[in-house]
Amino acid sequence: MKTLPKNWITEGLIDFEYKKYQLLAYLQEANREFQAVKLYPVLSDLIDHHRVLHELNSGKTQLSNLFPKALNGIDFQSAQLQYQPKVEDGEVMKEISQITDFALPRITRQIEEGRSIYDFVEEQVEFEPVGILPIYNREGFVLMTRESSSDVHAFRYKSNMLQMAGEKFRSITFWLLGIFQKNLVNTLEKLKMQLIREVKELPNPATWRVHSPHVFPIEETLIPLSKRLLLKSVS
């Protein structure tokens with residue numbers, strides 16, 4: 001889909017009418033994605049844009065850091081390049097204020113719509129272990145199924161701890177192992193045993209079933225949702 005650059009407010013022509021139509025075109029694309037129940041990456045992009053706009057509106061972000069800059073010299077003593085803003089803050093403050101006042105409530109409404117769709121999908125999806133869940137569950141398999149389809153998307157997952165800005169966060173990584181066919185003979189339990197034989201470094205892996213009663217998009221919706229559900233369950 002058509003994206004909106006992170007510094008879209010200060011890139012190119014800083015004009016309220018131009019930025020308004022740039023934003024509306026982006027929100028129209030975002031709405032199309034939501035109508036197709038495609039939540040990511042558009043929902044996270046909207047949240048990032050809202051955060052930047054809110055910080056800008058609150059004065060937490062220096063405007064000079066967002067404006068494009070031109071190289072105007074080199075400090076040979078410190079071996080650093082020197083830049084000068086291409087525009088003066090005073091020339092654009094009125095336009096910036098208009099743009100943020102226009103954009104914030106519209107992006108907020110779009111985020112709320114995306115979150116309501118996410119909540120609906122989460123309520124519909126079934127999430128449960130396949131077989132006995134081992135104590136160690138930071139690695140394993142996810143078997144993803146959808147109603148009216150015999151396809152089983154089998155993923156391997158791994159949970160890691162990330163450290164950013166002095167804080168630790170848990171993340172989940174997925175790898176697609178293959179797309180299998182489920183039937184009366186080839187059950188999820190048998191598929192789990194088949195994967196254990198193929199992935200020998202996981203002798204007793206945690207295995208989860210994610211089932212959607214609707215044909216929601218896998219890449220844009222079910223995988224991100226599965227990661228969030230796993231983050232609540234792994235330890």
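Which residues lie nearest the centre of the largest pocket? The legends below take up this and other close-up views. The model is predicted, so local features need pLDDT of at least 70 and side-chain atom pairs count only at pLDDT 80 or more, while totals for chains, interfaces and linings use all residues. Residues are numbered from 1 along each chain as its sequence is written, and side-chain values use heavy atoms, with hydrogens and water left out.

**View 1. Lining of the largest pocket.** Y40, P224, K227, R228 and L231 lie nearest the centre of the largest pocket, among 13 lining residues. A pocket is an open set of points, on a 1 Å grid over the protein atoms alone, with protein on both sides within 12 Å along at least five of seven lines; lining residues have an atom within 4 Å of a point. The volume is about 300 Å³, taken as the space filled by probe spheres set on the points, which are joined across faces, edges and corners. Helix α6 (218-233) is among the elements that each supply at least two lining residues, together with α2, α4 (89-124) and β6 (167-181). The most comes from α6, with 5 residues. Helices (H or I, at least four residues) and strands (E, at least two) are DSSP runs numbered from the N terminus. The lining divides into 7 nonpolar, 2 polar and 4 charged residues. Here Ala, Val, Leu, Ile, Met, Phe, Trp, Tyr, Cys and Pro count as nonpolar, Asp, Glu, Lys and Arg as charged, and the others, Gly among them, as polar.

View 2. A search of the whole structure finds 1 cavity of 30 Å³ or more; a cavity is a set of grid points where a 1.4 Å probe fits but cannot get out. The largest cavity has a volume of about 70 Å³. Of its 10 lining residues, K6, N7, W8, I9 and V52 lie nearest the centre. Helix α2 gives the largest share of this lining, 4 residues. By class, the cavity lining has 6 nonpolar, 3 polar and 1 charged.

**View 3. Packing of α1 against α2.** Helix α1 (residues 16-35) and helix α2 (residues 42-58) pack at about 145°, their axes 10 Å apart. Axes are lines fitted to C-alpha atoms over the stretch in contact, and angles run from 0 to 180 degrees between N-to-C directions. Y26, L27, A30, E33 and F34 of α1 meet V42, L43, D45, L46 and H49 of α2, where contact means heavy atoms within 4.5 Å. This contact has 7 nonpolar, 1 polar and 2 charged residues.

**View 4. Loop between α1 and α2.** V37 is found in this loop, with phi near 55°, a positive value in a residue other than glycine. P41 also belongs to the loop between α1 and α2. The peptide bond from Y40 to P41 is cis, with omega near 10°.

**View 5. Aromatic pair F120 and F216.** The whole structure holds 4 aromatic pairs; rings of Phe, Tyr and Trp (its six-membered ring) pair if their centres lie within 6.5 Å, with planes under 30 degrees apart counted as stacked, over 60 as edge-to-face and the rest as tilted. The ring centres of F120 and F216 are 6.4 Å apart and their planes stand at 85°, so the pair is edge-to-face. F120 lies in helix α4 and F216 in the loop between β7 (206-212) and α6, so the pair ties together parts that are 96 residues apart in sequence.
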